[in-house]
Every structure is written in structure tokens, then in C-alpha cells.
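I set out to record, entry by entry, what I looked up in this structure. The entries follow the order in which I took up each topic.

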Amino acid sequence: MDKKENAKELQLQHSQAKVEFYGEYLKRYLRILCNVDFIKQINIYDIFCGRGIYKDGKKGSAITAFDIIKNLRNDKNKVYKTPISLFFNDIKTNYTDNIKEYIDKVKNCYCNVEYSNLDTEDIIKNILYKVSKTNNNTRNLIFIDPYGYKKISKDKLFNIMENGKTEIILFLPISQIQRFSQKAMVEKANKSEEAQKYIRLIEFIESFFDENHNIRNKKVSQLEYIRHISDALKLDGKYFVTSYHIYRYKNVGGESYFALFFMSSNIKGFEKVLEVKWKLDESNGQGFNKQEDQIDMFESQNKETVKERHYKKLESILKCELKTPKSNLEMYEIILRNEYLPKHANEIFKKWQNENNNFKVIDIDSKKEARKNSFYLTDEHHKVNFTLEQK
């Protein structure tokens with residue numbers, strides 16, 4: 001069995017990491033949405049859903065999503081009643097048939113499920129139409145795991161996001177894109193006949209990056225490529241965007257990376273996805289880097305070194321931002337946009353309260369110092385103001 005066939009039959013390590021990320025996000029965010037009285041409907045679209053269950057018994061994104069909803073409905077500690085709809089699409093009918101067979105065996109109706117077998121162009125048109133009709137009390141999550149990247153463009157993603165009620169998780173094979181990007185752009189610049197071989201890649205690059213961007217003019221590393229795509233998707237701060245790289249080691253041909261990109265208009269959804277990143281990558285909150293048969297004798301020491309580096313980096317960011325006073329709401333957004341969590345900032349603020357007399361947390365109602373360790377780093381209410389007298 002060759003590698004391509006093996007990837008179809010068995011769930012490889014990078015695919016496991018992708019599904020784990022998706023599942024961890026669903027667990028967190030569905031509970032939040034179901035707790036909001038205003039939200040009356042949740043739609044989840046898996047538009048390249050794959051086979052459902054692989055021959056090694058491991059579950060793909062579609063079955064993972066269904067099982068998470070089932071577990072949510074069966075939670076003995078809380079009742080989650082908000083209607084949820086699952087939409088599964090794959091051009092291969094046997095894949096959606098397998099998923100339907102698994103779900104139909106479950107007697108209880110935990111959610112509405114629909115299936116389709118549209119090609120890439122038609123499913124994206126279908127999604128665009130559906131999300132454009134979304135009511136204010138409805139939220140959409142779209143998981144896009146395409147077979148490559150040829151029909152994906154920045155404009156299509158922005159069109160899906162335009163209504164402000166949708167979030168996207170996009171999976172891309174970065175190593176494939178990065179490997180030929182420079183050659184593709186050189187061939188186009190030279191007006192070579194070879195450029196036609198790369199026309200889809202050229203269209204992808206041109207949709208994401210303007211003509212002066214580094215990616216058009218020189219070769220960048222795979223991790224840099226991920227960062228550049230993530231920055232392009234932010235649309236100058238309009239959207240909350242982060243990436244999660246998935247490292248795949250190959251014995252022949254060197255390293256390769258895949259990446260998940262998350263887009264949202266909602267800061268709370270963004271916080272949940274950052275929580276997933278820091279749970280799955282406790283040291284850096286950046287990506288999946290595990291390699292089989294690799295043992296680091298100094299792992300614990302390395303983790304402490306990395307933790308200290310992140311502490312100093314965030315501390316520097318907070319000091320810079322507090323050159324002018326900030327509310328707890330402003331600090332919350334600053335922390336998240338720098339891809340840290342409130343708990344990371346809490347650790348720094350607690351230390352400052354104990355050691356730095358120039359740091360003040362002022363209650364906005366009493367105008368006096370707030371109760372110790374009361375930082376309110378959420379998006380809910382303006383409770384306190386932070387000040388730091390700079391030396």
C-alpha cells in the first residue's frame with residue numbers, strides 16, 4: 001500500500017492531531033453557545049468530511065463532532081437544549097454513506113443531520129448562500145479540510161465570514177504550498193509556459209498576498225508561510241485569527257508542516273481556540289510537534305526555560321501597553337490578540353501587585369484599589385482600570 005492509499009485507509013498522525021484540535025474546540029465552544037439564551041440555533045458544516053471511521057478504528061472529524069454532541073446531550077450535570085444541526089459533505093458518496101450508517105445506529109436524535117455530495121465549487125456556493133441567510137440568533141462553524149488548496153482563496157473565506165455569525169477552521173498542506181511557491185511566481189514573472197502547471201497555486205498566492213509581499217519574491221520557511229497566511233486572514237484586525245501548525249516528520253524528503261487556521265469575529269470563540277492550543281501544546285501554545293521514538297532527557301528543564309521566555313515576552317507586552325491606563329476589557333483583548341490566555345497575565349499581575357508599588361488596579365466604582373488579585377480579564381464588564389507608572 002503506497003503512502004497516498006495508506007492516508008485514505010488509516011488515520012495518520014497529522015490527521016489525528018487535526019481531529020483532536022477540532023474536537024477540543026467543539027467541546028468548549030458548544031457549551032458556551034448552548035449557555036447563551038440569545039442563541040437559538042447552532043450549525044456545524046464539515047464540507048470535506050472524509051470517511052468517518054478509518055480502517056484502524058480511529059474517528060474522523062464527522063464522527064468526532066457527532067459524538068461530542070451526543071456527550072453534550074447526555075451530560076448529567078447540565079441540560080443543553082439548543083438545537084444543533086450537522087451538515088456533512090464529501091464528493092465520495094461511500095464516505096457520507098459510512099457516516100450515515102454510524103449515526104443511524106444511534107436511536108436518540110441528538111441533532112439534525114444532513115448529507116450532500118457536492119464538488120468544491122458547488123459546496124462553497126451552497127455554504128455562502130446558507131450563511132448569508134443566517135439569523136442574528138444563529139451561529140455557524142465551518143470546518144474546511146479540502147483535498148489540497150486549489151479552490152480555496154482569501155476572498156471566499158472573507159465572503160463566508162462577512163455576516164459576523166460564522167467561524168472557520170481551515171486545514172492546509174503548507175509544505176505542498178510552500179515547496180513550489182517561489183518557482184510558480186518566477187515562472188509567471190518570466191511568462192513561461194511552465195507557469196500553467198502552477199496556475200492554481202499562483203491564484204492561491206495572489207489571493208492572499210500583494211505583489212510586494214515576501215512570499216512572491218523569495219522563499220520563506222514553512223513556519224513563516226503559516227504566519228503570513230494567518231496575518232493575511234486578520235484583514236487588518238477585523239477578524240481574530242490564529243494558526244496551529246502540525247509537524248510531520250518524513251524519513252525521505254525532510255520535514256513537512258500542515259496547519260489549521262481559525263477565523264472568528266467573536267473574541268470568546270477566539271479565547272476558546274487559544275485554550276485548545278495551550279492545552280495541546282503546553283510549552284508554546286503553537287502546534288503539534290511530537291515525533292515517535294524521540295525522547296528528550298532534558299524535557300522538564302526545557303519546559304521551564306520556555307515558560308520563562310514566554311513569561312518575559314508577555315510581561316514586556318503588558319508593560320508596553322500600560323504606558324497608558326487600560327481597562328480590564330482592553331487588557332483582555334490585548335492578551336488574546338498576542339495569543340496568550342488571561343491565566344498567563346494573571347500570574348504576572350499577581351507578581352506585580354506583590355513587588356511593584358507602581359502597578360495599580362483601580363475599581364471603577366469606588367475609585368479605590370480593587371481587591372487583591374481581582375483583574376476581571378473577561379469580555380463581560382468594565383470593572384477595573386490598570387495603571388503602571390513607568391520609570
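Entry 1: cysteines. I began with cysteine 34, which is buried, with a relative accessible area of 11% in this predicted model. I then looked for a partner for cysteine 34. The closest cysteine sulfur belongs to cysteine 111 and is 11 Å away, too far for a bond, because a disulfide needs two cysteine sulfur atoms within 2.5 Å.

I turned next to cysteine 111. At 9% relative accessibility, cysteine 111 is also classed as buried. Its closest cysteine sulfur is that of cysteine 109, at 6.9 Å, which again is too far for a bond. I therefore asked how many disulfides the count comes to by this rule. The count is zero.

Entry 2: nonpolar cores. I noted as background that in soluble globular proteins nonpolar side chains tend to be buried together. I looked up the largest nonpolar core and found 71 residues in it. Phe349 and Phe386 are the residues with the most contacts inside this core. Which helix gives the most to this core? I found that helix H2, residues 13-34, does so, with nine residues.

I then listed the contacts of phenylalanine 349, leaving aside its neighbours within four places in sequence. Phenylalanine 349 is in contact with Leu318, Leu322, Met331, Phe359, Phe375, Leu377 and Phe386. I also recorded a second, separate core of 45 residues, which includes Ile160, Leu170, Leu172 and Ile229.

Entry 3: serine 327. I located serine 327 in strand E9, which spans residues 326-327. Is serine 327 buried or exposed? With a relative accessible area of 7%, serine 327 is buried. Not counting residues up to four places away in sequence, I found that serine 327 touches His382, Val384, Asn385 and Phe386. Phe386 is also on my list of contacts of phenylalanine 349.

Entry 4: a helix pair. I examined helix H7 (residues 174-189) against helix H10 (residues 222-233). The two helices pack at an angle of about 100°, and their axes are 10 Å apart. H7 is therefore roughly perpendicular to H10, because angles of 65 to 115 degrees fall in that class.

I asked which residues of H7 and H10 meet. From H7 they are Ile174, Ser175, Ile177, Gln178 and Ser181, and from H10 they are Gln222, Tyr225, Ile226 and Ile229. I sorted the residues of this contact into five nonpolar, four polar and no charged. I noted that Ile229, in this contact, is also one of the residues of the second core.

Technical notes
Residues are numbered from 1 along each chain as its sequence is written. This is a predicted model: local features need pLDDT of at least 70, side-chain atom pairs count only at pLDDT 80 or more; totals for chains, interfaces and linings use all residues. Side-chain values use heavy atoms; hydrogens and water are left out. Axes are lines fitted to C-alpha atoms, for helices over the stretch in contact, and angles run from 0 to 180 degrees between N-to-C directions. Helices (H or I, at least four residues) and strands (E, at least two) are DSSP runs, numbered from the N terminus. Angles under 35 degrees count as roughly parallel, over 145 as roughly antiparallel, 65 to 115 as roughly perpendicular and the rest as oblique. Contact means heavy atoms within 4.5 Å. Ala, Val, Leu, Ile, Met, Phe, Trp, Tyr, Cys and Pro count as nonpolar, Asp, Glu, Lys and Arg as charged, and the others, Gly among them, as polar. Buried means under 20% relative accessible area, exposed over 50%, partly exposed in between (1.4 Å probe, protein chains only). A nonpolar core is a set of buried Ala, Val, Leu, Ile, Met, Phe, Trp, Tyr and Cys residues joined through side-chain atoms within 4.5 Å.
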